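I opened this entry to keep track of what I looked up in the model, element by element. The notes follow the order in which I checked things.

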Amino acid sequence: MFPTKATSRFIFFTFTLLLLVSFFTTTLINASDLDTENDDKVDKDLEELIALDEQEEDGSQVGDADAKFSEAELLSKAQRIVLELNSDNAKRVAEGNEFVLLLGYAPWCARSAELMPQFAEAATSLKELKSPLLMAKIDAERYSKAASSLGIKGFPTLLLFVNGTSQAYTGGFSAAEIVIWARKKTGVPVIRINTVKAAEEFLKKYPMFVLGKFDKFEGPDYEEFLKAATSDNEIQFVETSSSEVARVLYPDIKATNHFLGLVKSEPVRYTEFDGAFEMDKILQFLEYNKFPLVIKLTEINNIKVYASPINLQVFVFAKADELKGLHEPLQNVARKFKGKVLGLTIFNPLKQILLLCRSNIFLFDILLLVQIIFISVDSKDENLAKPFLTILGLEESENTVVTAFDTKISSKFLLESDPTESNIEEFCSRLLHGTLSPYFKSQPIPDNTDASVKIIVGKTFDDLVLGSPENVLLEVHTPWCINCETTSKQMEKLAKHFKGLDNLVFAKIDAAGNEHPKLQIDDYPTLLFYPADDKANPIKLPTKQSSKDLASFINKQLKDQDQGLKDEL
């Protein structure tokens with residue numbers, strides 16, 4: 001090998017030195033500018049996300065696969081419009097923009113996972129509508145301190161910030177509902193339509209809306225319409241002064257100076273408002289008519305359904321494939337009970353007194369508008385179905401369950417025949433007229449042969465407790481009660497001690513699985529002594545008494561009864 005020349009070594013050393021100097025200089029520059037770049041990055045991201053460049057068509061003919069976004073690509077694009085916040089920028093974004101709708105979520109939260117695509121889709125729609133609203137989200141678990149400082153306490157949480165001040169989100173949770181709510185809160189409560197073409201385009205986008213037709217957009221009625229539009233959080237309001245436009249949106253519209261109607265994309269599509277133009281009455285009309293004939297309960301709409309002011313509610317629990325077969329029969333029944341006018345004949349004592357000399361009993365009729373809401377639930381949905389089925393004691397049922405609730409009087413009812421269309425209709429008719437017997441859950445009737453402490457269930461409470469000729473000491477317990485086990489052991493001891501007495505029965509009932517209208521207990525364990533001669537007035541005993549004290553009480557009761565019998569003789 002030839003030795004390396006000095007000149008070559010010098011050139012190599014110089015070149016290496018220049019590279020090292022260049023590297024360290026660049027590194028130092030980058031380090032000094034890091035904070036500035038971090039600050040600029042958020043602003044740059046914000047600008048890019050708010051004004052995301054729309055892709056322009058190149059005019060060339062391409063295949064469908066290249067011309068259209070796939071569903072995943074559309075969702076990806078929508079999600080890029082939503083600004084992702086973190087500990088560094090959350091407060092600045094919330095306080096530095098006029099309108100910010102913020103979603104606080106957790107990656108593991110199922111409801112967050114359902115809401116996020118809807119939120120992203122809403123962000124796309126709002127951008128197309130040139131809304132001033134900034135849509136943002138924050139991983140509230142990862143950035144818990146920043147999320148908490150903004151008022152996020154659970155998952156998912158939606159908050160609207162107006163110039164830095166937050167207010168609770170009160171709208172629905174579909175993309176369309178988020179858009180409607182957001183537009184109303186940012187200054188667009190009503191859409192005005194002036195042309196037939198605009199009306200036709202509007203129909204393509206909005207499956208449900210409120211139409212207001214006014215000759216002039218002024219006056220008391222119109223002002224009440226605007227107030228209702230602003231106050232309502234879920235439904236898009238639209239207005240027009242053109243009869244031609246109004247007929248496109250509501251074909252059966254009446255010729256009048258002002259008109260209001262609700263349009264929905266379902267069998268009962270058009271509902272006319274026939275009350276006085278007052279905000280409260282308009283909102284009440286919407287509350288009673290906004291739902292479809294049969295509502296499919298979901299995680300997204302359940303809060304709205306539970307908040308319904310309609311007192312009579314019929315729930316149908318079945319497996320998903322069975323619900324499909326029941327949908328049409330349920331719609332047929334629901335249609336018959338929509339806005340039902342119930343005629344009631346009521347005795348009028350005042351008229352009778354005033355005209356008693358004619359020996360007439362006067363009756364007068366009133367008309368009462370009542371309504372039933374119909375809700376279908378997948379019985380295999382643990383979150384939605386199980387709480388209701390547990391209330392009914394039917395959480396293990398594999399069959400279709402038709403039940404009803406009257407929220408006004410806190411009563412529940414159960415269809416105990418086959419869920420055919422005619423049986424469901426009769427069930428609803430009796431519910432409407434108040435002739436259904438309330439349902440009280442009960443476990444299966446047990447075999448009490450040789451039991452020292454009899455097990456009472458809802459179905460046997462009347463016969464074995466209220467209707468029995470014996471004295472009954474009843475323990476009311478629940479599976480989750482911590483102190484119930486001690487009381488149960490006491491009952492076993494007392495039952496053995498008093499064994500052989502014909503006029504004394506020891507019993508217990510599980511209040512979690514059994515109900516009875518004359519057993520209203522909310523403290524467990526509870527001991528009740530039902531005297532043989534006065535079952536309507538049970539005596540409540542302290543559960544912290546010793547077995548000896550309880551035995552003394554029982555002996556005294558039995559002795560007093562014996563003395564009473566001797567006195568009668």
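This is a predicted model: local features need pLDDT of at least 70, side-chain atom pairs count only at pLDDT 80 or more; totals for chains, interfaces and linings use all residues.

Entry 1, strand β2. Strand β3 (residues 134-139) runs parallel to β2, and 6 bridges join the two. In that pairing V100 stands opposite L134. From β2 the chain passes through helix α6 (residues 110-128) to reach β3, and I noted this β-α-β crossover as right-handed. Strand β4 (residues 157-162) is also joined to β2 by 6 bridges, but here the strands run antiparallel. V100 has F161 opposite it in β4.

I traced an open sheet of 5 strands, in the order β11-β15-β12-β16-β17, with mixed pairing. β11 and β17 (411-414) are the edge strands, each pairing on one side only. From one strand to the next the twist averages 25 degrees. β11 runs parallel to β15 (residues 372-378), and 3 bridges join them. I295 has I375 as its bridge partner in β15.

Helix α17 (residues 421-433) lies across β12, β15, β16 (401-406) and β17. I recorded an angle of about 15 degrees between α17 and β16.

Which residues have the most contacts inside the largest nonpolar core? They are V314, I372, F374, C428 and L431, in a core of 25 residues. I noted that β12, α14, β15, β16 and α17 each supply at least two residues of this core. Leaving out residues up to four places away in sequence, I listed the contacts of F374 as L293, V294, I295, V314, V333, A334, F337 and C428. There is a second, separate core of 22 residues, which includes V82, F119, A123 and W181.

Where does E299 lie? I placed E299 in the loop between β11 (294-296) and α13 (302-306). Its relative accessibility is 14%, so E299 counts as buried, the cut-off being under 20%. I looked for a polar partner and found the side chain of N383, in polar contact with the side chain of E299 at 3.2 Å. Beyond four places in sequence, E299 touches R111, E114, N383 and L384.

I counted 20 helices and 22 strands in the chain. Of its 569 residues, 39% count as buried. I also looked up how far apart in sequence the contacts reach: among those between residues at least 6 apart, 71% join residues at least 24 apart.

Terms used:
Residues are numbered from 1 along each chain as its sequence is written. Side-chain values use heavy atoms; hydrogens and water are left out. Helices (H or I, at least four residues) and strands (E, at least two) are DSSP runs, numbered from the N terminus. Buried means under 20% relative accessible area, exposed over 50%, partly exposed in between (1.4 Å probe, protein chains only). A polar contact is a pair of N or O atoms within 3.5 Å; within protein, one must be able to donate a hydrogen and the other to accept it, and residues adjacent in sequence count only if both atoms are side-chain atoms. Contact means heavy atoms within 4.5 Å. Two strands pair if DSSP finds at least two bridges between them. Axes are lines fitted to C-alpha atoms, for helices over the stretch in contact, and angles run from 0 to 180 degrees between N-to-C directions. A crossover is right-handed if, with the strands pointing away from the viewer, the path from the first strand over the helix to the second runs clockwise. A nonpolar core is a set of buried Ala, Val, Leu, Ile, Met, Phe, Trp, Tyr and Cys residues joined through side-chain atoms within 4.5 Å.
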